[in-house]
There are 2 protein chains.
Amino acid sequence: MRTSIATVSLSGSLTEKLTAAARAGFDGVEIFENDLLASPLTPEEIRVRCADLGLSIDLYQPMRDIEAVSAEVFEGNLRRARHKFELMARLGCDTVLVCSSVHPLAEDDDALAADHLRQLAAQAQEFGIRVAYEALAWGRHVSTYDHAWRIVAAADHPALGTCLDSFHILARGSDPKGIEDIPGEKIFFLQLADAPLMAMDVLQWSRHYRCFPGQGGFDVAGLVRHVIDAGYDGPLSLEVFNDVFRQSEAGPTAVDAHRSLLMLQEAAGIAALPERVVPTGVAFAELVTPDAEPVGALLGALGFARTARHRSKPVDLWSQGEARVLVNTGPAARRDGTQLAAIGLESPDPAGAARRAEALLAPVLPRRRAAEDAPLDAVAAPDGTELFFCATDRPELPSWTGDFRPVAHPGAAGHVRRVDHLALTQPWHQFDEAALFHRTVLGLHARDSVDVADPYGLFRSRPVTSEDGGVRIALSVGPAPTDTTTRAQHIALATDDVVAAARAFRAAGGRLLAVPANYYDDLAARFEFVEGELESYRELGILYDRDPDGEFRHCYTETVGRVFFELVQRDGGYKGYGAQNAPVRLAAQHAQRPLR
Amino acid sequence: MRTSIATVSLSGSLTEKLTAAARAGFDGVEIFENDLLASPLTPEEIRVRCADLGLSIDLYQPMRDIEAVSAEVFEGNLRRARHKFELMARLGCDTVLVCSSVHPLAEDDDALAADHLRQLAAQAQEFGIRVAYEALAWGRHVSTYDHAWRIVAAADHPALGTCLDSFHILARGSDPKGIEDIPGEKIFFLQLADAPLMAMDVLQWSRHYRCFPGQGGFDVAGLVRHVIDAGYDGPLSLEVFNDVFRQSEAGPTAVDAHRSLLMLQEAAGIAALPERVVPTGVAFAELVTPDAEPVGALLGALGFARTARHRSKPVDLWSQGEARVLVNTGPAARRDGTQLAAIGLESPDPAGAARRAEALLAPVLPRRRAAEDAPLDAVAAPDGTELFFCATDRPELPSWTGDFRPVAHPGAAGHVRRVDHLALTQPWHQFDEAALFHRTVLGLHARDSVDVADPYGLFRSRPVTSEDGGVRIALSVGPAPTDTTTRAQHIALATDDVVAAARAFRAAGGRLLAVPANYYDDLAARFEFVEGELESYRELGILYDRDPDGEFRHCYTETVGRVFFELVQRDGGYKGYGAQNAPVRLAAQHAQRPLR
């Protein structure tokens, strides 16, 4: 179906918004009135600009509080409407949105509302314009879609139809099934927005917290299905008021917006995408660093061995059990210090996974590879992390390890078995999108978001995981857009014996994060431990947590650049990531290396 | 009364929090458990640190979900409590907070709850500790203060009392009058927090939006009055969970916190402050600039004349009607470009105004003046703006103008009569405090906050004004902590004829902000104007607004440094600031001088 976006959903000048919408692949726009008023372009110039960009102007929304008012006020409203219809003719837009009145003097009189809307539609028709009447969730007398439709039906004018808005319908808890009772040709427009489920004033909720479909808690796809079944064939149009999107760059936001409509169409069964290919594990984590020495020392102390070197690039492969870490000292590495730049995801069908990611507008990365290298399909996640879809030593597919030449090494005899999870701080403006991206592009499950108290502000953390936990990525976001204290990333390594692993790390010269004694006094109060157990934790800086399914023991290395490692022992089906311990860990990290 | 603050209300490490609380003048602290667990200091060291800082440790809050559980679970709870009582003995803290249980398995059995609390209190007593039981607003079975008190009364143990928390009581809409029925000696503790009035889930409201008394919408002072009348004589203790304060510097936040308790005590009639002295007008606005030329050119075109020069400093006085602008090119001016650095407030009692400000912890500014200068009482507002309390040419008081030597000048013959208002962007972390400061230190009224859509994010704007509008300051805040696009400041100048003023400005070579033609097409749709009126507005870039009381016409100059001027014609009792026009104005300013 055609896709459209209201300019209010994006930041910047009207020109910036239109450019971003077109580049992201939208077919049309709704022009928000303030964006037009504030633009130095005339309506004719806006029309030409949109045409040049391949955008239709699908809706204009210049009028409020039109209907069910006194005759004198309505006369003024018609006068105002005529001005706006003239403007729309210049703009080349043929559908006007009229929201149900919120005016304190609006009368509770459906017949009067119908009469006024009929008159408005008759005037609109002179300009070749259609009027789409929509129930605001907080409309004074008309606040449900079925009520708005009854008034439209009673008015019975060919230039009058209804506009449906998923936020207004779902925020009120209306049953969208009834949409199918509206003739499709009388649904003039469909506006879409999702929202997190919040118990709050619906007006504030609508104005500040709307988000793109799939980012929130509403069943927007289910609603769209009903609208399609009613026979609607107009555009799917996003109208999202969101305090964060207003601040973020229009370009990436528009791409996220368009991606959400692609996924929505898949979920609603309107359009197909390449099938989901869920990764089964972490093939490797790639660190880029200007100086391989400190990272190498850390990996060595953790029990990794440098087992291979890339045939054509300055990249070392460090291995231990099924955990593999690439250390890349190539030119791209020299800019921002040591960081986690890429993740290799073990994929049942690497090419298929890349096809789906590409169809979902994930930037496909240039394949900088030598002729003899294995093909690597890679895309960029919203935070810029490169995601490689790959196969490791599987006979039926070329293996990325084939690009590496083994080097002589002492056998790795550490306690690490595999990567337990990766933790990545997300750009502040794209936290919700990050979860949606990993959910729909990679087919992971997004778990509940939790608040974590850092000494200098509240983090949010949200894990995305595969069903069996083979892939676990903890996405987090700091308290403010530019908080440089929060850009840490880490690689958590699974072990069956964290005490032994920690001791071995320390014996090899590694330094573990020191945890305050008070923490262990609290553990002693909360849990009972076997003789000596707590003493080991205290000595090594091991943190402990328990949930109904099992136990979690973990400790942290020092930080190199933006990266540190965690050693993790997960027993008996423990599901979490030790969030309970995060405030203590974060405070200890601040104390270790003051960041402000 | 003694004042206290929970460490969770401030950012940083425990040491940073304690230092900030002591410097701001608090007598004691509540130690939040995570702050202790994350601290490398032992309980004994914390005790010594607090003693050194002159802080008592008034409360510790280590236990949840204690009462009305199965016998087996309760046994574990008692064991846990013993650990915590031992810790408290080391810490030197004699009151423990126990919140009503939120555990899903807690039983709805007041007698059982009373029995468990009695046992807990008996154990506490062995350590010389008192148990203060508090109803959480979302407690599973106990969620009101009177219910908690009934259980405490039934338990009837000398080491068991109740803790009252203004948030939990007022968020539930309970009538605080009933507090007077509780014997004062059984009120073991009083926690205070305000909050903005919001229709939202009470747990989220409590955890993210609490604020200091006076910053929100609750009658915290009224509640405190009831608690005092009941006979309570313990500390007034702030417990504020706030996402913004968690990110802001602990030092200024602690000062804001302590100021709020001073004002609360005044409002509750517990303690007196020097009387409020409300300013009657703006004596001057002072711009600091590294280069007087562009500012002088702008002032000259606006019809100001350079009428005097300071006797001992590089400061010029520009005058027109009752509007006076100082242009300071002294050394302090060289750092940050042109900005509005100080405001002279015409005060009925400058010394008294300064005394009140000082009593309310406003930083008193050093009086850098020559021996012959008039005394100037000045303090710093939360945004760093210097506020001078002064008298202008009043016989009974020394006038600041006496420090200036008149210079020859052509008579000012412009259209400006006085300063209409000043608009100042506030530090993101202190917006709520800015309103409270102006309200209580200066005795201004804080009006409702409005949202204003800038192309790159949502602003909030909140005017503070004197009763008759003699002083009007529009406080605003940008969408994010470090948004450098939003640091603009402006001086709005009142005229009786904005068209004439704008024409004169332009004739004198001034450049007005260009307003898009689309804006005027919209004005034509919304209002009817007399012949030629709209054309003048269009020609000059004059914006128009109307409210039930009157009309508002305004236009803007170009920006110099961070500062621009507005010409304002306010007719017939119009109360606002043209907020309706702000998105168009902001977009035009971005277009004029792209800021990113």
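## Salt bridges and polar contacts between the chains

In this predicted model, four salt bridges are counted between chain B and chain A. In one of them, A:D521 pairs with B:R90, and the closest N and O atoms are 3.5 Å apart.

## Make-up of the interface

On the side of chain B that touches chain A, the elements giving two or more residues include α2 (33-37), α3 (43-53), α4 (71-91), β20 (457-465) and α15 (517-526) of chain B. The largest share, seven residues, comes from α15(B). By class, this side of chain B has 25 nonpolar, 12 polar and 15 charged residues.

The contact takes 52 residues from chain A and 52 residues from chain B. About 3,900 Å² is buried between the two chains, and carbon and sulfur atoms give 53% of that area.

An unreviewed UniProt entry places the feature "binding site" at A:E134, A:D165, A:Q191 and A:E239. These residues are spread over 106 residues of sequence, yet they cluster in space, with a largest C-alpha distance of 13.2 Å.

A:E134 lies in strand β5 (residues 130-134) of chain A. A:E134 counts as buried because its relative accessibility is 1%, under the 20% cut-off. Beyond residues up to four places away in sequence, A:E134 touches several residues, among them A:C99, A:H168, A:D165 and A:Q191.

A:D165 is placed in strand β6 (residues 160-165) of chain A and, at 2% relative accessibility, also counts as buried. Leaving aside neighbours within four places in sequence, A:D165 is in contact with A:E134, A:Q191, A:R210 and A:E239.

Terms used:
Residues are numbered from 1 along each chain as its sequence is written. Chains are lettered from A and ligands numbered from 1 in the order in which they are written. This is a predicted model: local features need pLDDT of at least 70, side-chain atom pairs count only at pLDDT 80 or more; totals for chains, interfaces and linings use all residues. Side-chain values use heavy atoms; hydrogens and water are left out. Contact means heavy atoms within 4.5 Å. Buried area is the accessible area (1.4 Å probe) that two parts lose on being put together, summed over both. A salt bridge is a side-chain nitrogen of Lys or Arg within 4 Å of a carboxyl oxygen of Asp or Glu. Helices (H or I, at least four residues) and strands (E, at least two) are DSSP runs, numbered from the N terminus. Ala, Val, Leu, Ile, Met, Phe, Trp, Tyr, Cys and Pro count as nonpolar, Asp, Glu, Lys and Arg as charged, and the others, Gly among them, as polar. UniProt positions are given in the numbering used here, feature names are shortened, and annotations may be inferred rather than shown by experiment. Buried means under 20% relative accessible area, exposed over 50%, partly exposed in between (1.4 Å probe, protein chains only).
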